[in-house]
Amino acid sequence: MADDRPKRPPEVLLDANVLLRYLTGDPAPMADRARVLLERAEGGELVLVLTPLILAECVWVLKSFYKQPLAAIADALQQVLALDGLRIQDVTLVTDALITMARANVDFADAYLAELGKAGGLKMATFDQDFRQLGGETLEF
């Protein structure tokens, strides 16, 4: 008996170096290959899986090496999140964290933890006094 269900495209983990080439255009040959890969995903040939950890790495590289401001990084990554053919783990938390990162000018990891804490009703054990400005609740210890 033939299986008439449509075949789902394969899922492929997306590494930071591919996303960084796509975003920066540097170096051009790799940026072109990254663009083609994202176009394949948009065309339904495959699904690229993007994790919060890889986004954090991208933010760090764009900020530290490429000297991009956090607001510009957040904008560029939000545009990537909107592309067809991507599956983003924790997409709501990631999106909220990018917004918080740009608004409060804090690291993505801090913004992500703040959003995770707010979403799950979790307190943060931290020495970072700035965490309260992100709307997170801290544990006194």
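Predicted model: local features only at pLDDT ≥ 70, side-chain atom pairs only at ≥ 80, totals over all residues.

My notes below go from the sheet to a helix pair, then to an aromatic pair and one leucine.

I looked up the strands and found an open sheet of three, in the order S1-S2-S3, with parallel pairing. Which strands stand at the edges? They are S1 (11-13) and S3 (86-88); each has a single partner strand, so one side of each has no neighbour in the sheet. From one strand to the next, the twist averages 30°.

I then checked how S1 is held to S2, which covers residues 47-50. The two run parallel and are joined by three bridges. I followed Leu13 across to S2 and noted Val49 as its bridge partner.

**Helix pair.** Next I turned to H1 (residues 16-24) and H2 (residues 28-42). Their axes are 8 Å apart, and the helices pack at an angle of about 105°. Angles of 65 to 115 degrees count as roughly perpendicular, and H1 and H2 are therefore roughly perpendicular to each other.

I wanted to know which residues meet there. From H1 I wrote down Val18, Arg21 and Tyr22; from H2, Met30, Ala31, Ala34, Arg35, Leu37 and Leu38. Sorted by class, the contact has seven nonpolar residues, two charged and no polar ones.

**Aromatics.** How many aromatic pairs does a search of the whole structure find? The search gives three. I picked the pair of Phe65 and Tyr66, which is edge-to-face, with 4.9 Å centre to centre and 80° between the planes.

Phe65 has a relative accessible area of 60%, so I logged Phe65 as exposed. Tyr66 has 22%, so Tyr66 goes down as partly exposed.

**Leu62.** My last stop was Leu62, which I found in helix H3 (residues 52-64). Is Leu62 buried or exposed? Its relative accessible area is 6%, and buried means under 20%, so Leu62 is buried.

What is Leu62 in contact with, leaving aside its neighbours within four places in sequence? My list reads Leu20, Leu23, Thr24, Lys67, Gln68 and Ile73.

Conventions:
Residues numbered from 1 in each chain as written. Heavy atoms only, no water. Pairing = 2+ DSSP bridges. Helix = DSSP H or I, 4+ residues; strand = E, 2+ residues; numbered from the N terminus. Axes fitted to C-alpha atoms, helices over the stretch in contact; angles between N-to-C directions. Parallel < 35°, antiparallel > 145°, perpendicular 65-115°, else oblique. Contact = heavy atoms within 4.5 Å. Nonpolar A, V, L, I, M, F, W, Y, C, P; charged D, E, K, R; others polar. Phe/Tyr/Trp six-rings, centres within 6.5 Å; stacked < 30°, edge-to-face > 60°. Buried < 20%, exposed > 50% of the residue type's maximum accessible area, 1.4 Å probe, protein only.
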